[in-house]
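Thanks for coming, everyone. Please look at the screen.

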Amino acid sequence: MFDKRSWIRLPRNVLVGRGVLSETADAVGELHLAGTPLIVTSPTPRRLAAESVAEQFDGCPMVTVETASFAEVKRVIDEAEDCEAGFLVGVGGGKVIDIAKMASDELGMGFVSVPTAASHDGIVSGRGSVPEGDTRHSVAAEPPLVVVADTGIVADAPWRLTTAGCADIISNYTAVKDWQLAHRLKNVEYSEYAGALSRMTAEMLVDNADSIRPGLEESAWLVIKALVSSGVAMSIAGSSRPASGAEHLISHQLDRIAPGTALHGHQVGVASVVTEYLHSGDMGRWQNVHDALGAIGAPTTAEELGHSPEQFVEAMTTAHEIRDRYTILGDGVSEEAAIEAATVTGVI
Ligand SMILES: [Zn+2]
């Protein structure tokens with residue numbers, strides 16, 4: 001009996017390019033979303049982008065969030081209820097987008113993503129998390145209905161945010177390998193289409209690494225397009241598997257061990273150098289991953305991330321405990337093996 005089923009939720013309108021910010025209301029209008037928007041932003045993006053988005057709507061007063069915390073998510077929910085908002089618009093970096101996404105999921109409202117930096121693939125996907133204490137609240141919500149990425153604004157964002165976004169995409173190589181491994185060993189459902197799209201996205205970015213340079217709008221374009229297709233791969237898979245494997249588990253663990261030390265994308269990039277080594281050893285392409293990170297100016301060592309060798313090894317040996325996601329880490333990597341992998345690859 002044929003019993004396969006799939007339900008693919010994709011963003012509906014994706015606008016990328018110079019000046020597209022001014023078309024936010026048009027892109028939203030096409031979707032016939034009911035009610036007024038509540039714009040969620042943070043101080044700098046407010047000045048750079050949110051004010052001009054607000055002018056396009058007759059909406060609620062803007063909410064400016066300061067920190068990535070669950071208390072801020074609750075504040076956004078309260079504000080949305082108070083002004084009877086119909087949908088939420090997140091204007092800012094990863095933190096703002098995550099907060100707005102979680103609040104809209106909680107409220108059962110549509111979400112519009114207006115990233116002002118290309119720092120990670122959460123700007124297009126339904127995945128998000130906000131720290132609370134030493135854990136994180138995670139959400140697997142629907143992807144944004146609309147994505148508006150103005151390359152003029154994204155190109156001016158701090159360069160390290162862009163290299164973090166690039167590194168997040170480069171880690172797709174190992175994420176897909178982990179997914180295939182889980183498919184073979186644990187019968188986890190694998191989508192050939194989503195896997196290929198995710199790998200191709202990383203490939204395109206690496207092939208164009210030379211043209212990814214600070215301040216270039218072309219670079220912002222390339223990285224945003226890659227983040228969009230990475231997000232689409234996750235939407236097709238119905239999970240974050242195409243873009244999140246052992247390297248993401250290690251990064252989450254580093255966030256627990258030493259919160260706020262390094263950017264998400266930078267951590268997963270460095271971690272994917274060692275997980276690539278674990279997948280294929282000396283003959284593998286860990287060197288390629290390493291060199292690609294180096295070419296765009298992303299960190300390739302624990303030290304550049306601000307983590308000690310001990311912290312990095314601890315993250316490697318404990319990362320498998322975080323969630324029920326089978327990866328190359330299996331049921332745990334021994335300390336000796338972790339030190340070996342991190343040393344050979346020059347990560348520690
Ligand atoms: Zn990521």
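One term before we start: buried means under 20% relative accessible area, exposed means over 50%, and partly exposed lies in between, with a 1.4 Å probe and protein chains only. This is a predicted model, where local features need pLDDT of at least 70, side-chain atom pairs count only at pLDDT 80 or more, and totals for chains, interfaces and linings use all residues. Residues are numbered from 1 along each chain as its sequence is written, and side-chain values use heavy atoms, with hydrogens and water left out.

Now the metal. What coordinates the zinc ion? Asp168 (OD), Asp168 (OD), His248 (NE2) and His264 (NE2) do, at 2.1 to 2.6 Å. Donors here are N, O and S atoms within 2.8 Å of the metal (3.2 Å for Na, K and Ca); water is not among the atoms, so sites may look incomplete. Along the chain, the donor spacing reads D-x79-H-x15-H.

Two of these residues deserve a look. Aspartate 168 counts as buried, because its relative accessibility is 0%. Histidine 264 is at 23%, so it counts as partly exposed.

On to the domains. Domain 1 covers 13–157 and domain 2 covers 160–344; such bounds come from an automatic or database domain assignment. Their centres, taken over C-alpha atoms, are 25 Å apart.

What links them? Between domain 1 and domain 2 the count is 1 salt bridge, meaning a side-chain nitrogen of Lys or Arg within 4 Å of a carboxyl oxygen of Asp or Glu. Arginine 18 forms a salt bridge with glutamate 217, with 2.4 Å between the closest N and O atoms.
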